[in-house]
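Here is a short tour to read alongside the structure on your screen. We will look at a strand, then the cores, then the pockets.

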Amino acid sequence: MDSKRSLIEQSFNVQYSNWVREALDELPDSFTITDPSIHGHPIVFASRGFLKMSGYSKDEVIGKNGRVFQGPATNRRSVMEIREAIREERTIEINLLNYRKDGTPFWMLFHMSPIFSKESGKVIHFVAVQVPIRQKVRRFKSNVVDLCEDGPRLREIVFGSCRREFCSDSVRELGCVSALDSVLDPDDRGLEAGESCEASDAERRKAATAIANILSVLTHHSELTGNLVCRKRCYSSEMGLLGSSLMISLGRIKQSFVLIDPHLPDIPIVYASDAFLKLTGYARHEVLGQSSRFLSGLDTDSSTLFTVTESIRTEKACTVRILNYRKDKTSFWNFLYISPVRNASGKIAYYVEVQMEEGCEYQDAQGFSPEMRQLSTVGAVKVAVRSSSMGGGPSR
């Protein structure tokens, strides 16, 4: 738990200046910010407006997934649409029934947008604005209940035990749904299949304005650290895009490697690991879009470069010892392993190039040799690409 808390702190501290939380707290809107790169896609910031609206404290919200606010009458189709938008890294605006801490439901306009790194094009955060929707009435047996922001609240006996802390199917949850069915008229059971609150134009404008204000704050405080963010993905027109799920999977691999795309002109680098950047001294934006030959120099053997080119042309793996150069012009001998990477349909999507500097001691807790570590890295990359293509992400 402590390690997750540390990641949540770093999620903001690395990307933005130290004053970003105070600046966000000054905004009157209800919103949360989540980090898809952390396991469970947790909330890393919750505004004062959101805490007031939901009834939760900050400590009860930070680190949780947004599913904690859903309940038995939350439209499952709407939830799936939100998940799909996250997977596709796009904006979504949808009407959603959520639950406060005391178990009472309320309708809101849910507007979520991704925030991209200007340097790498990677999704850094998702910002979700919640605007309460007013004036929606639902019928209950011998009763009229307003599920929107200003209406009376349902009794705790109905919804208090039905609020889910985590999104998982359980007998307890099914029991809650049955309890809800017992007080709903037959035509009203399952709010997900029936009517829903419709947001007004004013509420939609409020959500759009809130997103713009939040982005303005994040952009300003990212400029202060040099790690600029933007609302739209910034990338070279010559580069392919890697989905966030693939980026996250590749980011867990600690070895030095790059992915190159054989379907683009000059076979550019489309992903570079942190270890590669450390080995070569380059920043990520200086690497992406380059041919991997950019590490070559005056004393690099041209026949070795030809061997690499031929292995790609013939779609075969190869290992070479090649003289490469860092950004500071110092040279190093690189044991380079190259292998094709196929997607779920069996077609070559990328090539992976794994680098290992000669003369460096690579300690391994499992006692693996450098060659075995290279093969392990290639295997991990292949699994990540195949899994991503099976999930419908960008693939060749």
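How many bridges join β9 to strand β10? Three bridges join them, and the two strands run antiparallel. Please keep in mind that this is a predicted model.

**Around strand β9**
- On the β10 side, Ile 260 has Ile 269 as its bridge partner.
- β9 also pairs with strand β13 (residues 348-357), in the antiparallel sense and over four bridges.
- In that pairing, Phe 257 stands opposite Val 354.
- Both faces of β9 (residues 257-260) are covered, with Phe 257 and Leu 259 buried on one side and Val 258 and Ile 260 buried on the other.
- In a regular strand, side chains alternate between the two faces of the sheet.

**Nonpolar cores**
- The largest nonpolar core holds 56 residues, and Leu 24, Ile 33, Val 129 and Leu 218 have the most contacts inside it.
- Strand β4 (residues 105-117) supplies the largest share of this core, eight residues.
- Another core, of 20 residues, lies apart from it and includes Tyr 282 and Phe 294.
- Among the residues that Leu 24 touches are Phe 12, Phe 45 and Ile 214.

- The largest pocket has a volume of about 1100 Å³.
- Of its 31 lining residues, Ser 37, Lys 122, Ile 124, Asp 274 and Arg 284 are the closest to its centre.
- α9 gives the most to this lining, with four residues.
- The second largest pocket, of about 770 Å³, has 35 lining residues, and those nearest its centre include His 41 and Arg 67.
- Here α5 gives the most, with seven residues.

Note on methods. Residues numbered from 1 in each chain as written. Predicted model: local features only at pLDDT ≥ 70, side-chain atom pairs only at ≥ 80, totals over all residues. Heavy atoms only, no water. Core = buried A, V, L, I, M, F, W, Y, C linked by side-chain atoms within 4.5 Å. Buried < 20%, exposed > 50% of the residue type's maximum accessible area, 1.4 Å probe, protein only. Contact = heavy atoms within 4.5 Å. Pairing = 2+ DSSP bridges. 1 Å grid on protein atoms, 1.4 Å probe; cavity = no way out; pocket = protein on both sides within 12 Å on 5 of 7 lines; lining within 4 Å. Points joined across faces, edges and corners; volume = space filled by probe spheres on them. Lists of a residue's contacts leave out its neighbours within four places in sequence.
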